[in-house]
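Please consult the sequence and the structure below while reading.

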Amino acid sequence: MAVMKEENGKYYPLEDFVEQAYVGSRAEYEEMWKQSVNDPETFWGDIASELYWHKKWLKVNREDFFKGEIEWFIGGKTNLAYNCLDAQIKKGRGDKVAILFQGEPDEDVVKLTYKEMLKLVSKFANVLKKKGVRKGDRVAIYLPMIWQLPVAMLACARIGAIHTIVFGGFSAEALRDRILDAGAKILITANGYWRSGKNVSSKANADIACDLCAKEGHTVDKVVVVKRLNNFDVPMKAGRDTWFEDEIAASDISDVCPVQWMDAEDPLFILYTSGSTGKPKGVLHTTGGYMVYSYSSFKYIFDYKDKDIFFCTADIGWVTGHTYIVYGPMINGATSIVFESVPTFPNPDRFWQIVEKFKVSIFYTAPTAIRALMKEGEKWPQGRDLSSLRLLGSVGEPINPEAWMWYHKYIGSEKCPIVDTWWQTETGGILITPLPGAWPTIPSYATLPFFGVDARALQPRSSANEPAVDAPVNEQGELCIARSWPGMMRGVFGEPERFFNTYFVQQPGFYFSGDGAIRNEDGYFRLMGRIDDVVNVSGHRMGTAEVEAALNSYNTAVAESAVVGFPHEVKGEDLYAYIILKSGVEPSDVLKKELVGHVRKEIGPIASPGKIQFVSGLPKTRSGKIMRRILRKVAAGAIDELGDTTTLADPSIVDEIVKGRQ
Ligand code: WT7
């Protein structure tokens, strides 16, 4: 059997793949890309015309990056849920499976066709309306990976409510913060879900979060609870809590719900993500641009064809799941798998067993999962029939060449192209990626910008008066985007200045991503990781300031803390916390455990520091600024690369820190 050609480290797609691909050469891409940035009116106008608009736009886009203003499909009216459901049925896909739910128990499978989804979504939209939800209201969703989650999202979109999904791994306190910030009066949750053979309760955290909101003077009026687990009792508060199943079965709930036509720039969802301050940002996405971008990026990057079965292993609580489990696949009329459980239960071949069972053709996962499964050995994928696969994807963090090679060899049988896709919660969809039939890939390179994306690796600038200059070939620069693309975020919910200050100040006139990148001779981008105070733990983004705030709030013991990232074999990066204790508090392993427990409670397990070191002081400049560079080097064990420490207020602290390294 043919395998992909490798030459000078470049892997070329097989001819069969190229022939059937939407874009079959780099030259073809270049032509399309040029039109996409030089004439967005035509390029994006043509793509948008493939979708349903209740009223056509007057102008494709308008932007001012010096003000942080972005608009797409100005004056147009549409509805994303309509395009994902009704429009698919009109195209003849009514009996095709839209959402394929695979629960943790293998026999737990629910297949919902486009017609069935439309009925469920309409019913739940009517339930929301009955509960008083109107256009523009925020609906908080704290659900595990079950089919009711896409139903709830699409129901919101149908009536113009703004969903804000909170990842199930976040704690009650983190849920409270998000409900309060969004001002949500209604919460959708579940009694619980399956996790590695155990039942975990979502409702318990939801109840605590509602109580905590009440303490802040905010009432969550209604809580709708999905009965995911049988024989799993949870307290139900009279007048507030009702069951999802009872609600949609009620005699006054119709399975028809009129569509709320939305202005292209009406909000669609808010999704919280970590930044370089202690408070998460409510990233706001709007309707028209996000719709067009999720549609086109899914189609071209996954080279999606009608017969494909698509499996993205992300959680819908993160942006990857929003765009590439729900909206992107459904607006393309695809069959998308929603998987409740983890890759390693009951065995480390669960993904491969699902690929075999449903004949998955496109598989999209994170490097951290690949590394974890790689450690379990190739016997697991070798025991399964993976011949249905034709394309693989990677997302969330840089993929190291070893993991890339293993993925290529044992999962892709050396015949499937791998799309290493770079993007962010803020970007709404993939920005830098291979088009799988158009050019060769190099392990660890995300390669080239998608249509409409004018990406640059810029040299740092010390003042706005300096011109923007590209970093030389193969030298690291700040990854920036020179103009807007349709899927771009439109604001930070409730904090307009924060939007501008976070993204448009570092490199005036550009969107600043927070990542470092180099470009090689071919113009290929290689992502080098975050250059701000954000750490990527197992593909989950965590602000070090957020973790510090959680540690500092343990104020019986902690005087000050500094958290940095360090390289981790499986997780990519992990968190390292330096802690100064209050005087009289004794350092101990018990205290370390308490601190970890406290962070889990404040944020969630994903934020727990992997290492804690008690220190008597931190390396600070004479003006009191912590020199994080030194802390990062020590955490990484690179103690001979500490550089100049003479400008520190107290250089001797560095020796102590090095000696006590964990
Ligand atoms: C950050 C965004 C994109 C959806 C999931 C994460 C890192 C993402 C890649 C990649 C190298 C990557 C960046 C980015 N990242 N994809 N293919 N190669 N780094 O979304 O939580 O908003 O995190 O993830 O550092 O800034 P997110």
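## Basis of the description

A residue is called buried under 20% relative accessible area, exposed over 50%, and partly exposed in between (1.4 Å probe, protein chains only). The model is predicted, so local features need pLDDT of at least 70 and side-chain atom pairs count only at pLDDT 80 or more, whereas totals for chains, interfaces and linings use all residues. Residues are numbered from 1 along each chain as its sequence is written, and side-chain values use heavy atoms, with hydrogens and water left out.

Helices (H or I, at least four residues) and strands (E, at least two) are DSSP runs, numbered from the N terminus.

## Backbone features

F73 lies in strand β4. With a relative accessible area of 0%, F73 is buried. Its phi is positive, about 55°, although F73 is not a glycine. S196, in the loop between β11 (193-195) and β12 (198-200), also has a positive phi, near 50°. S196 is partly exposed, its relative accessible area being 34%.

Most residues other than glycine have a negative phi, and most peptide bonds are trans. A cis peptide bond, with omega about -5°, joins F345 and P346. P346 is placed in the loop between β19 (335-339) and α13 (350-358).

A nonpolar core is a set of buried Ala, Val, Leu, Ile, Met, Phe, Trp, Tyr and Cys residues joined through side-chain atoms within 4.5 Å. The largest such core has 127 residues, of which W44 and F124 touch the most other members. A second, separate core has 42 residues, including L175, A184, A209 and V223.

W44 belongs to helix α3 (residues 40-48), where P40, F43, W44, G45, I47 and A48 are buried. The cover over the buried residues of α3 includes α2 (26-38), β3 (59-64), β4 (69-74) and α11 (287-301). Contact means heavy atoms within 4.5 Å. Leaving aside neighbours within four places in sequence, the contacts of W44 include V60, W72, F73, V292, Y293 and F450.

## Helix α7

Because 12 of the 12 residues of α7 are buried, the helix is largely enclosed by the rest of the structure. Just after α7, G160 takes a positive phi of about 80°.

## T164 in strand β9

T164 is found in strand β9 (residues 162-165) and counts as buried at 1% relative accessibility. A polar contact is a pair of N or O atoms within 3.5 Å; within protein, one must be able to donate a hydrogen and the other to accept it, and residues adjacent in sequence count only if both atoms are side-chain atoms. A polar atom of the T164 side chain lies 3.2 Å from the backbone oxygen of I270.

## Ligand surroundings

A residue is near a molecule if one of its heavy atoms lies within 4 Å of it. There are 17 residues around the ligand, and D420, T421, T425, D515 and R541 come nearest. An N or O atom in the side chain of D420 is 2.8 Å from a nitrogen atom of the ligand, and a polar side-chain atom of R530 lies 2.8 Å from a ligand oxygen atom. The elements giving two or more residues to the shell around the ligand are α12 (319-331), β22 (418-421) and β29 (525-530).
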